[in-house]
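Here is a briefing on one protein chain. Please look over the sequence and the fold before reading on.

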Amino acid sequence: MIRVLVAEDQSMVRGALRALLDLEEDITVVAEVGRGDQVLAAAREHAPDVALLDIEMPGQDGIEAARELAAELPAVRAVVLTTFGRPGFLRRAMEVGAAGFLVKDAPVAELARAIRAVVAGERVIDRELAAAALALGATPLSAREADVLREAADGATVADIARRLFLSEGTVRNYLSSAIGKTGARTRVEAARVAADKGWL
């Protein structure tokens with residue numbers, strides 16, 4: 001029997017996933033959590049074979065939860081589920097050691113097949129997203145440029161960003177200018193939106 005942990009912040013979706021997976025003869029859901037920062041503790045307690053991780057959860061996103069699992073409980077295979085088919089998210093998920101990446105509108109039979117495949121040691125990736133990720137390439141942003149854009153997304157001033165990231169205002173301006181150029185945007189808020197849409201943040 002394949003033991004599965006479901007991490008999804010929407011209780012209706014979480015319940016539906018449990019109900020559908022429990023219909024499979026060889027799969028059982030052993031734990032459910034509604035926050036990303038609860039995944040590691042639940043995995044330690046319930047010893048699942050597979051963790052299904054929603055990408056956007058309170059506390060911590062699914063990619064960070066997958067990173068923690070890969071570092072501390074590598075026997076637990078992480079499969080990231082997302083409503084957002086963004087190539088950058090796929091690349092980040094693979095970089096942190098996720099075994100699978102699927103969009104939520106995939107058929108349930110496909111999800112069950114993916115769970116069996118990752119338990120068998122395979123990697124499972126949504127085909128269309130994989131093609132888009134290859135076409136898009138890696139993020140052009142440096143880690144610091146991404147940090148600065150994240151802070152800029154809500155309209156924070158240069159002074160605010162400098163204070164939060166312990167940088168000088170001149171350094172923040174340089175990072176913002178570079179990030180705006182790399183995203184092809186006109187403003188820092190637009191650059192943050194473009195980068196988020198591509199899954200670079």
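Five bridges link strand 3 to strand 4 (residues 77-82), and the two strands run parallel. The model is predicted.

**Strand 3 and its neighbours**
- Ala51 has Ala78 as its bridge partner in strand 4.
- Between strand 3 and strand 4 the chain passes through helix 3 (residues 62-72), and this β-α-β crossover is right-handed.
- Strand 3 also pairs with strand 1 (residues 2-7), in the parallel sense and over four bridges.
- Two of the partners can be named: Val4 is bridged to Val50 of strand 3, and Ala7 is bridged to Leu53 of strand 3.
- Is strand 3 enclosed or open to the outside? Five of its five residues (50-54) are buried, so strand 3 is largely enclosed by the rest of the structure.
- The cover is on both faces of strand 3. Val50, Leu52 and Asp54 are buried on one side, and Ala51 and Leu53 are buried on the other.

- Six strands form an open sheet with parallel pairing, in the order 2-1-3-4-5-6.
- Strand 2 (27-33) and strand 6 (124-125) are the edge strands, and each pairs on one side only.
- Strand 4 and strand 5 pair in the parallel sense over four bridges. Leu81 has Leu102 of strand 5 as its bridge partner.
- Strand 5 and strand 6 run parallel and are joined by two bridges. Gly100 stands opposite Val124 of strand 6.
- Strand 5 is covered on both faces. Gly100 and Leu102 are buried on one side, and Phe101 and Val103 are buried on the other.
- Which hand does the unit of strand 5, helix 5 and strand 6 have? This β-α-β unit is left-handed, whereas the crossover from strand 3 through helix 3 to strand 4 is right-handed.

**Thr82 in strand 4**
- Thr82 belongs to strand 4.
- Its relative accessibility is 0%, so Thr82 counts as buried.
- Leaving aside neighbours within four places in sequence, Thr82 is in contact with Ile55, Phe101, Leu102, Val103 and Lys104.
- Phe101, Leu102 and Val103 in that list are also among the buried residues of strand 5.

**Helices across the sheet**
- Helix 2 (residues 39-46) lies across strand 1, strand 2 and strand 3. It runs at about 160 degrees to strand 1.
- Helix 5 lies across strand 1, strand 2, strand 3, strand 4, strand 5 (100-103) and strand 6. Its angle to strand 3 is about 130 degrees.
- Arg116 is found in helix 5 (residues 108-119).
- Arg116 is partly exposed, at a relative accessible area of 29%.
- Setting aside residues up to four places away in sequence, Arg116 touches Ile2, Glu24, Asp26 and Ile27.
- Arg116 and Val50 are 66 residues apart along the chain, and 9.2 Å separates their C-alpha atoms.

- The axes of helix 7 (residues 143-152) and helix 8 (residues 158-165) come within 10 Å and cross at roughly 125 degrees. That angle makes helix 7 oblique to helix 8.
- The crossing of helix 7 and helix 8 is right-handed.
- Arg144, Asp147, Val148, Glu151 and Ala152 of helix 7 meet Ile161, Arg164 and Leu165 of helix 8.
- Helix 7 also packs with helix 9 (residues 169-183), at about 95 degrees and with the axes 9 Å apart. Helix 7 and helix 9 are therefore roughly perpendicular.
- On the helix 7 side of this second contact are Arg144, Glu145, Val148, Leu149 and Ala152. They meet Val172, Tyr175, Leu176, Ser178, Ala179 and Lys182 of helix 9.

**Ile180 in helix 9**
- Ile180 is found in helix 9.
- Not counting residues up to four places away in sequence, Ile180 touches Ala185, Arg186, Thr187, Arg188 and Ala191.

Technical notes: Residues numbered from 1 in each chain as written. Predicted model: local features only at pLDDT ≥ 70, side-chain atom pairs only at ≥ 80, totals over all residues. Heavy atoms only, no water. Buried < 20%, exposed > 50% of the residue type's maximum accessible area, 1.4 Å probe, protein only. Pairing = 2+ DSSP bridges. Right-handed = clockwise from strand over helix to strand, strands pointing away. Axes fitted to C-alpha atoms, helices over the stretch in contact; angles between N-to-C directions. Parallel < 35°, antiparallel > 145°, perpendicular 65-115°, else oblique. Left-handed = near helix turned anticlockwise from the far one by under 90°. Contact = heavy atoms within 4.5 Å.
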